[in-house]
Each structure stands twice: as C-alpha cells, then as structure tokens.
Amino acid sequence: MPFSAPKRLLPVALACLAVLFVAAGPGHALLGFSSGPTSLKPADGVVSFPVADLTDGKAHFYAVDAAGKEVRFFAVKTKDGRVRTALDACDVCYPEKKGYRQEGDFMLCINCGRRFHMNMVGDQRGGCNPSPLASEVAGESVRIKMADLAAGAAYF
C-alpha cells in the first residue's frame with residue numbers, strides 16, 4: 001500500500017490544474033498559459049492604460065465593449081518613441097476575425113500573412129494595414145475615446 005497515497009492525490013492535482021486554466025481565461029496571463037487581450041473599462045468617455053505598459057516594445061492587445069461589440073485593438077511604443085494604436089482588424093480580412101500578431105518589428109495579419117512594419121501602424125490606412133485608431137498620450141496614460149472605438153465596432 002505504499003503507492004496508494006499518490007493515486008488519491010491525482011484527482012486533486014487535476015482539479016487544481018483545471019481551476020488554474022479557468023482562472024487564466026481571456027484577458028489574463030497566468031503562468032504564461034494565456035495571452036488574450038486585456039479588458040478595459042471606459043470612464044468619462046475614454047479608456048486608458050499606462051504608457052509604462054508599452055516600454056518593452058511589444059504590441060499589447062486590449063478589448064473593450066463598444067457599440068454592443070467587443071472591440072479589440074493593440075498599442076505599441078515604437079523605437080522612435082511614438083505610441084501607435086490600431087484596431088486588431090483591417091479593411092480586407094476583418095470578416096475572418098483573426099487579427100494580428102507581432103513578429104519582431106512587424107505586425108502580421110493572421111488571416112493573409114501580410115506583414116506591416118511597426119512604424120506604419122497608425123499611419124497607413126486601407127487594404128490589409130491594421131486600421132488606425134486615434135489615441136493620445138496624456139501624462140502617464142494612453143487615452144482612446146470611446147467614440148473612436150465605437151466607430152471601429154463594424155470590424156468586429
């Protein structure tokens with residue numbers, strides 16, 4: 001009977017793992033298992049997040065409820081020091097709802113595979129470019145108007 005204790009612990013261990021995976025749902029990164037968008041709540045007609053979140057040079061993905069839909073966007077601080085924001089969708093591939101992912105200094109459309117240099121994000125409009133999203137840096141925060149997010153809801 002020296003091996004019976006580990007057999008009884010297996011269901012408990014599996015239950016603990018299941019709880020961890022459920023807790024790591026969209027919008028949360030727990031132990032690196034999930035990297036979904038961070039959910040933002042509007043206040044006074046804007047959503048905001050700290051500029052400090054972008055100092056790593058990586059694209060950070062966010063989601064907010066706007067115009068009855070979950071609108072997803074990403075923000076990145078490029079090497080020129082500019083904060084750039086765009087919807088996680090483009091004029092061409094938005095019906096597929098796949099969005100973008102970062103590969104080095106490029107954003108890659110997950111649907112068609114086209115790549116766009118980070119320095120183009122927020123400036124280039126049309127085609128498969130990430131759809132620009134107006135934003136401003138105010139003090140230590142990046143601010144995006146809910147009206148601009150609601151205007152982008154048609155992509156989602």
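**Ser131.** I looked up the contacts of Ser131 first, with contact taken as heavy atoms within 4.5 Å. Leaving out residues up to four places away in sequence, I found that Ser131 touches Ala86, Leu87, Ala89, Cys90, Arg125 and Tyr155. The model is predicted, so I note that local features need pLDDT of at least 70 and side-chain atom pairs pLDDT 80 or more, while totals for chains, interfaces and linings use all residues. Residues are numbered from 1 along each chain as its sequence is written, and side-chain values use heavy atoms, without hydrogens and water.

I then placed Ser131 in the loop between strand S8 (115–117) and strand S9 (136–138). Helices (H or I, at least four residues) and strands (E, at least two) are DSSP runs, numbered from the N terminus. Is Ser131 buried or exposed? Ser131 counts as buried because its relative accessibility is 6%; buried means under 20% relative accessible area, exposed over 50%, and partly exposed in between, with a 1.4 Å probe and protein chains only.

**Cores.** Next I looked up the largest nonpolar core, which has 22 residues. Such a core is a set of buried Ala, Val, Leu, Ile, Met, Phe, Trp, Tyr and Cys residues joined through side-chain atoms within 4.5 Å. Val47, Phe49, Val71, Phe73 and Leu149 touch the most other members. Two or more residues each come from strands S2 (46–50), S3 (60–66), S4 (69–77), S5 (83–87) and S10 (141–145), and from helix H2 (146–151).

For Val71 I set aside neighbours within four places in sequence and found contacts with Tyr62, Ala63, Val64, Ala66, Leu87, Leu149, Ala153 and Phe156. Another core lies apart from the largest one and has 13 residues, among them Ala59, Ala86, Met118 and Cys128. In soluble globular proteins, nonpolar side chains tend to be buried together.

**Sheet.** I traced an open sheet of three strands in the order S2-S10-S9, with antiparallel pairing. Two strands pair if DSSP finds at least two bridges between them. S2 and S9 are the edge strands, each pairing on one side only. S9 and S10 pair in the antiparallel sense over three bridges. Glu136 stands opposite Arg143 in S10.

Ala67, in the loop between S3 and S4, has a positive phi near 55°. Ala67 counts as exposed at 61% relative accessibility.
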